[in-house]
Amino acid sequence: MAQEDYYSILGIGSDASEQDIKQAYRRMVKKYHPDVAEDKEKAQEEMTKVNEAYGVLSDPDKKAYYDTYGQAPGASGAGGGGGFGGFGGFGGFGGFGDLFENFMNMSGGGMRNERQPRRGRDIRLEVSISLQEAYTGCKRTVEYAVHERCLTCKGKLTTEPDGVETCSTCNGNGRVQKHINIGFGTIAQVIDCPDCSGLGKKIKKPCADCKGTGYVETKKHVEVNIPAGIETGNGLRIPDAGEPGSNGGPRGDVIVMLVVEDDKRFVREGADLLYKKDITFTEAALGASVPVEQVVGEPQKLRIPAGTQSGTTFRIKGKGMPEFRGSRFGDLHVVVQVIVPTKLNSKQKKLLEEFAEAGPQEAKKNKSRGGLAGFIDGILEKL
């Protein structure tokens, strides 16, 4: 998947908006749904690609990375890009933005302040729910790992009075200058000190619990309130529940990405639902009242008019999904499929033959346009 064109997979251009990406994903979900696709194995393969493409393009950070390098973050070879091998050949530059930033950092004669407060990293989690849970809303308790300050050394990296010494390479600054020849001159890049990893100090006797990092991994639990109408790709943010900040900076957030599982009964498109209902040819010919399943609750009766053709769609207003953070409900679209009996007893066959004989000319005329007489005439031909 690293070399796939995510925009082509979703059938959109690279200038697609967030709403365009979401709508394209809905179209693909409908296209490759098991109830619709003829080749289910192929549809499953394509849906895997669609999910991967949507997972990248729906995330602003991942999308920006993909648009820059042509690969998803973490993909093999990501960050290279182009015939020049990216900026990796220039000593680790991330692009002209970094180049300019490093030049400006050095132009004042000193290094930038790495001791400023920094916000902690966000943690992204994925939660799967059923269509019924998406209809009503629900709660989920999720577990995740987060790094908390070590209580043994209280974040000091060591418990010994002489356990830390100033790094002699950077003199405690944590940063060093690296001069790089870029062909038309030399520029100084400011990087983390390679000897102390930017700490400005070396740990001679690291804390036994945190191994000199100042943090230990801790399991946390958080309850997530999932509102009704949520869709795959929607995210919920839990403030200040992510990784702790550094130098007094705030914690990051926990971002919960939702996946609504496929339902074998319904195809979802936004707040609307598509439902396939099988009816007998006598119900189609004579009319009937048939039960239609609901996402939640008892089935609802649907009136089928006499003479209904296979493939006819009926709309039940307000019986779809609730809008996410909205006040209305979508509609339920019921597509009826007339089931042709595979076996007839002698009495049933005789009645159908009599029906056909009562109007053979009309039956032949209607056969080409799929009328009731043509439909029954087709049955007789199969018999």
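These exercises, each with a worked solution, concern the predicted model shown above.

Residues are numbered from 1 along each chain as its sequence is written. Because this is a predicted model, local features need pLDDT of at least 70 and side-chain atom pairs count only at pLDDT 80 or more, while totals for chains, interfaces and linings use all residues; side-chain values use heavy atoms, with hydrogens and water left out.

**Exercise 1. The chain as a whole**

State how many helices and strands the protein chain has, and what share of its residues is buried.

Step 1. The chain has 10 helices and 15 strands. Both are DSSP runs numbered from the N terminus, helices being H or I with at least four residues and strands E with at least two.

Step 2. Of the 383 residues, 37% count as buried. Buried means under 20% relative accessible area, exposed over 50%, and partly exposed in between, with a 1.4 Å probe and protein chains only.

Step 3. Among contacts with a separation of 6 or more, 62% are between residues 24 or more positions apart. Contact means heavy atoms within 4.5 Å.

**Exercise 2. The nonpolar cores**

Find which residues touch the most other members of the largest nonpolar core.

Step 1. A nonpolar core is a set of buried Ala, Val, Leu, Ile, Met, Phe, Trp, Tyr and Cys residues joined through side-chain atoms within 4.5 Å.

Step 2. The largest core holds 41 residues, and Ile129 and Ile226 touch the most other members.

Step 3. Not counting residues up to four places away in sequence, Ile226 touches Val127, Ile129, Gly137, Cys138, Arg140, Leu236 and Leu258.

Step 4. A second, separate core of 22 residues includes Ala16, Ile21, Ala24 and Met28.

**Exercise 3. Helix H2**

Compare the span of H2 with the expected value, then list its buried residues.

Step 1. H2 covers residues 18-31, and its 14 residues reach 20 Å from first C-alpha to last, close to the 20 Å expected at 1.5 Å a residue. The expected span is 1.5 Å times one less than the number of residues.

Step 2. The buried residues in H2 are Ile21, Ala24, Tyr25, Arg26, Met28 and Val29.

Step 3. An α-helix has 3.6 residues a turn, so residues three or four places apart point the same way.

**Exercise 4. Glutamine 337**

Decide whether Gln337 is buried, partly exposed or exposed.

Step 1. Gln337 is found in S15 (residues 332-339).

Step 2. Gln337 counts as partly exposed because its relative accessibility is 32%.

Step 3. Leaving aside neighbours within four places in sequence, Gln337 is in contact with Lys276, Lys277, Asp278, Ile279 and Ser310.

**Exercise 5. Positive phi**

Locate Lys211 and Asp240, and state the phi of each.

Step 1. Most residues other than glycine have a negative phi.

Step 2. Lys211, in the loop between S6 (201-203) and S7 (215-226), has a positive phi near 60°. Lys211 counts as exposed because its relative accessibility is 62%.

Step 3. Asp240 lies in the loop between S8 and S9 and has a positive phi of about 60°. Asp240 is exposed, with a relative accessible area of 51%.
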